[in-house]
Amino acid sequence: MTNANEVLSSLQSAFPGALSDPRVESDTRLWVTVDSKKIRDVCKYMTDKLGFDHYAGSAGVDWIARNEMEVVEIMTSYGAHNVVAMLKVKTPRDNPSVPSLVDMYWNANWYERETWEMFGINFEGHPELYPLLLSDPLVGVWPWRKDFKGYPDLTTGERAVQITTPEGYTEYRFPPTPAEVEAGTVVTERPKYPTFREREEAWIKSDSEMIMHLGPQHAMVPGPFLLDVLVEGERVKKAFLDIGYIHKGIEKIMENRTWLQGITYTDRMCYVASLTNNECYCGAVERLLGLEVPLRAQYIRVILEELSRIQSHLIGTGEFLTLIAGVGFAPWQYMIIDREKIISLIESVTGARLTHSFVRFGGVRNDLPEGFADHCRKVLPYMKSRIEEFIEFFAQDPIYHARMENIGSISPETAKKMGCAGRVLRAAGVPYDMRIEDPILVYPELDFKVITGTRGDSADRIDCTLREILESIHIIEQCLDRIPAGPIKSETKIPKKVPAGEAYYRVEDPRGEMGMYVISDGGDKPYRVKVRGPFYATFQTLTPLLEGVYIADAVAIAGSMDGCPSESDR
Amino acid sequence: MGISDVIPVPVCIDEEIEKWTIFGQPVTEVWFTTTEKIHEIIQMGPIKNIFNWGRKNSVYFLMQPMGCCGVEMFVFGAAPYDSDRFGCIPRNTPRQTDVMIISGYLTRKYLPVFKNLWENMPEPKWCIAIGECAISGGPFYDSYNIIQNTGDYFPIDVYIPGCPPRPEQFIEGLINLQEKIKQRKDKRGY
């Protein structure tokens, strides 16, 4: 298997002079700064020769003290090896511009659009550099830059002014100070681009076509998003996706909070699977601090994360069934009743139903309560029998199969090219699971299978979900047998200030590969936290999947993705 | 207002009927009159209590998850907590609902859509703000994209604190709203 040192030496021999500041953290993590003229060649070389076929996202970083900006391209592989290479491209802060990678990696589209709207970094050659998450009034103020003043700025308190709009509503705005007007730092010219509506209406070519809006309000998806479909008769010709309706700016807010406070924000990123989000952030900070987690704490984390995965899969399946059944709430009720049993298990440990903030740097907040193992051993066999019943029920229902087979199917090659992860990819037949690829905690010692499908359609995705629950139950049972006694927190005292450095940590979220890229400048707050959201990556593949299907199937395909728009918007 | 103002067609009325009264008013004015007049008359008698009793026991809410509280709203509307017991049934479209539940972060991008949903709801209607984010911005108090002052945009009747509140708190808030409807203390007039 390739390791980071081999990758680095191969790159250095192929591109002498183009690379600088290499840093190899471990066998699987590599940081290197690449000349912006060579970045496309380096990426192409890595994909073709070194097996880096998975473009896992990009992050913008604003280094205001050095007066430059950075775009970090995160490259990794679908199973060939587990090296994650972070390629940094530097650009001056005055007129930031880097080459676009969209024509090489299809899924770079959204990542680059996001970096553009948040930092104002231009991507040369990007075909549609339009805002993705922000509403139109905020485009052009570049909110994630370090010199952005907030809205409203409650830390200073003075500059947010209450204004009554002509419609009679109240708004809080920032009028520029006279000094800023004189210095010319006020944004007066906003970027010009066609609005979302203009863009989609440009696709209407004849009178027989029309645009149908699905959303932004959805009754059965835990968050709003706008899915517009261009239909001719019953067929969808093209789909358009507009997200950002619950964009909270978590990545920016976390820069203004202490390291410990950041944990509470990871909860609210994806509230259906908050424990894996906790794990991802805490794991990244533990790498920066160089902490070892005690064995008992590792087992507790694994137990709770698997419980969290079960309840997330249950709610996702329930949503999907309600979406395909139209107005019927009955399947939904079954899933929610079962989910409550898992929630009460988690609650007995963490004290919260959804937002746990349970995982801590170097351990967990508290120990398992008395009798937890017995309670678990009572609930899990019941859950197992229920899930087996569901699987059998789905397998033998001819109506369900007639409706769902070959709907929204995706081939393994396409799924890889689109940068999917999680169960969308696994249903297509690629055994790609972070618990195997980049093992953390005690996962290497546990016995479990990676569930894969064959056709990659909606039916397969739901089947994979349900069978993954069985695997999770199996993992928890093993953990309950093996969990040792001992401390639940690292004995090292956690300092308030985290040493300068950067770390990238990956976990298997219920929705796929989740990564967090955390940068510290040695202070008591993170310098930058980049979240590689799993559903953000999957969501992007929705629009091409919808081309050519019936309208009724569009809902089923969107439902089978197990959406959590909150986490894709952040 | 006479009969001829409202109904243009000639109506034959017995002379005796013109002498009848209902709630102290001539019955002819009550029978052939406008909606406003009917509401005035409803206010006069004990029949108003029956209307409010009916409204109190059929508070349908809009299934409109926007955040963590939205997931708790799912559970509140489903079998384990069973909001149907209180006549509170989840509906999928604003045209069929009486109560809007602001269940999470209201962003600047979503606000126009949300106002549209609110205006699609038929009167009389009520509004509940659930969770810290909907009340004051909560943990996102300094976010550039979150509306901190939802109360300025929507006439909120009941605030339910929590981050997120438990489904039991939803039920408590709902019962408070029902009391309010019963006592006609809501902001929306009748």
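1. Interface. In this predicted model, 36 residues of chain B are in contact with 37 residues of chain A, two residues being in contact if their C-beta atoms, placed from the backbone, lie within 7 Å. On the side of chain B that touches chain A, the elements that give two or more residues are helix H5 (68–77) and helix H6 (111–120) of chain B. H5(B) supplies the largest share, six residues. Helices (H or I, at least four residues) and strands (E, at least two) are DSSP runs, numbered from the N terminus. By type, this side of chain B divides into 22 nonpolar, eight polar and six charged residues; Ala, Val, Leu, Ile, Met, Phe, Trp, Tyr, Cys and Pro count as nonpolar, Asp, Glu, Lys and Arg as charged, and the others, Gly among them, as polar.

2. Conventions and confidence. Residues are numbered from 1 along each chain as its sequence is written, while chains are lettered from A and ligands numbered from 1 in the order in which they are written. Local features need pLDDT of at least 70 and side-chain atom pairs count only at pLDDT 80 or more, whereas totals for chains, interfaces and linings use all residues. The average pLDDT of chain A (the predictor's confidence in each residue, from 0 to 100) is 85, and 93% of its residues score at least 70. Over residues 152–159 of chain A, pLDDT stays under 50, and the model has eight contacts for them beyond four places in sequence. Where pLDDT is low, the predicted coordinates should not be read in detail.

3. Chain B overall. Chain B has eight helices and seven strands. Of its 190 residues, 39% count as buried; a residue is buried if 20 or more other C-beta atoms lie within 10 Å of its own, exposed if 12 or fewer, and partly exposed in between, with C-beta atoms placed from the backbone. Among the contacts in chain B with a separation of 6 or more, 75% come from residues 24 or more positions apart.

4. Helix H8 of chain B. The end C-alpha atoms of this helix (residues 167–182) are 23 Å apart, which agrees with the 22 Å that its 16 residues should span at 1.5 Å a residue; the expected span is 1.5 Å times one less than the number of residues. Buried in H8(B) are Pro167(B), Phe170(B), Gly173(B), Leu174(B), Leu177(B), Gln178(B) and Ile181(B). Seen down the helix axis, these buried residues fall within an arc of 145°, so they line one face of H8(B); the arc is that of the directions from the helix axis to the C-beta atoms. Glu168(B) and Glu179(B) are exposed on the other side.

5. Not counting residues up to four places away in sequence, Ile128(B) touches residues including Gly173(B) and Leu177(B).

6. Helix H8 of chain A and Met516(A). Helix H8 (residues 274–289) of chain A is largely enclosed by the rest of the structure, because 15 of its 16 residues are buried. Gly290(A), with a positive phi near 70°, follows H8(A). Met516(A), in strand E16 (residues 512–520) of chain A, touches residues including Cys280(A), Tyr281(A) and Ala284(A), not counting residues up to four places away in sequence. Met516(A) counts as buried because it has 25 C-beta neighbours inside 10 Å.

7. Tyr265(A). This residue lies in helix H7 (residues 262–267) of chain A and counts as buried, with 22 C-beta neighbours inside 10 Å. Not counting residues up to four places away in sequence, Tyr265(A) touches Ile250(A), Ile253(A), Met254(A), Arg257(A) and Pro139(B).

8. Backbone geometry to check. Most residues other than glycine have a negative phi, and most peptide bonds are trans. The peptide bond from Cys163(B) to Pro164(B) is cis, with omega near -10°. Phi is positive at Asn406(A), near 60°, and at Leu441(A), near 50°. Asn406(A) counts as exposed, with 12 C-beta neighbours inside 10 Å, whereas Leu441(A) counts as buried, with 20.
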